[in-house]
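The following paragraphs lead the reader through one protein chain, step by step. Please keep the sequence and the structure in view while reading.

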Amino acid sequence: HTFTLTTNDDSKFKGFLLRLSGKNGASASSTTFVAADSSLAQVSNLCTSDVIGITHKDNNGKSGVAVTLNHPEAAAELLLEDTVVTTNGVNWSFDAFDFFVSGDNTTTASPTSPHTRIRD
């Protein structure tokens, strides 16, 4: 399963954090994130033992980043949280999406969001 963060225009974003947890207190620790381009992303060590995360490596402008989710269990209800920073420490947005990974290696429809700015 691949998640892609992209901009809708020629703008760039400075950073991101994707966090994945199991719903209702379930663990996501057997799941891993892998960045398509390791120069853009690294596994985050800031998450608790039941939550996994991946984040940016630097604050250079990015037009997109792709991350693969490897989930070994047959089925799971998961919560994906993403935070995207557009200006260092000033403008950022947050979204959370519920999704279900089924036993036949499919997921529910990919969520999309305009990333409403939370802080100016």
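A residue is called buried when its relative accessible area is under 20%, exposed when this area is over 50%, and partly exposed in between. By this criterion, buried residues account for 32% of the 120 residues in the chain. The accessible surface of the chain amounts to about 6,900 Å², and carbon and sulfur atoms contribute 49% of it.

The structure is a predicted model, and the confidence of the prediction therefore deserves attention before the details, because pLDDT expresses that confidence for each residue on a scale from 0 to 100. The chain has a mean pLDDT of 76, and 75% of its residues reach 70 or more. Confidence is highest in strand 5 (residues 52-56), with a mean of 89, and lowest in strand 8 (residues 91-101), with a mean of 68. Over residues 105-120 the pLDDT is below 50, although this stretch has 32 contacts in the model beyond near neighbours in sequence. Where pLDDT is low, the predicted coordinates should not be read in detail.

How many helices and how many strands does the chain contain? The secondary structure comprises zero helices and eight strands. Read from the N terminus, the order of elements is accordingly β-β-β-β-β-β-β-β. Contacts also link parts of the chain that are separated in sequence: among contacts between residues at least 6 apart, 63% join residues at least 24 apart.

The interior may be considered next. In soluble globular proteins, nonpolar side chains tend to be buried together. In this model the largest nonpolar core has 18 residues, and those with the most contacts inside it are L5, F16, L18, L20, F33 and I54. Two or more residues of this core come from each of strand 1 (2-6), strand 2 (15-22), strand 3 (32-35), strand 5, strand 6 (64-70) and strand 7 (76-87). Strand 7 gives the most, with four residues.

L20 lies in strand 2, and it counts as buried because its relative accessibility is 0%. L20 and L80 are 60 residues apart in sequence, yet their C-alpha atoms are 4.7 Å apart in space. Residues up to four places away in sequence being set aside, S21 touches A28, D50, V51, L78 and L79.

Aromatic rings form a further topic. A pair of such rings is described by the distance of the centres and the angle of the planes. The model contains one aromatic pair. The ring centres of F13 and F16 are 6.5 Å apart and the ring planes stand at 85°, so the pair is edge-to-face. Are these two residues buried or exposed? F13 is buried, with a relative accessible area of 3%, and F16 is buried at 2%.

Charged side chains also make contact with one another. The whole structure holds two salt bridges. In one of them, E81 is paired with R19, and the closest N and O atoms are 2.8 Å apart. Because E81 lies in strand 7 and R19 in strand 2, this pair ties together parts that are 62 residues apart in sequence. E81 has a relative accessible area of 17% and is therefore buried, whereas R19 is partly exposed at 28%. In the other salt bridge, K62 is paired with D58, with 3.3 Å between the closest N and O atoms. K62 is buried at 3% relative accessibility, while D58, with a relative accessible area of 28%, is partly exposed.

T31 is located in the loop between strand 2 and strand 3. Is T31 buried or exposed? Its relative accessibility is 2%, so T31 counts as buried. T31 and H71 are 40 residues apart in sequence, but their C-alpha atoms are 4.6 Å apart in space. When neighbours within four places in sequence are left aside, T31 is in contact with L20, I52, L69, N70, H71 and P72. The list includes L20, one of the residues with the most contacts inside the largest nonpolar core.

Terms used:
Residues numbered from 1 in each chain as written. Predicted model: local features only at pLDDT ≥ 70, side-chain atom pairs only at ≥ 80, totals over all residues. Heavy atoms only, no water. Contact = heavy atoms within 4.5 Å. Core = buried A, V, L, I, M, F, W, Y, C linked by side-chain atoms within 4.5 Å. Buried < 20%, exposed > 50% of the residue type's maximum accessible area, 1.4 Å probe, protein only. Phe/Tyr/Trp six-rings, centres within 6.5 Å; stacked < 30°, edge-to-face > 60°. Salt bridge = Lys/Arg side-chain N within 4 Å of Asp/Glu carboxyl O. Areas by Shrake-Rupley, 256 points an atom, 1.4 Å probe, with all protein chains shown as cover.
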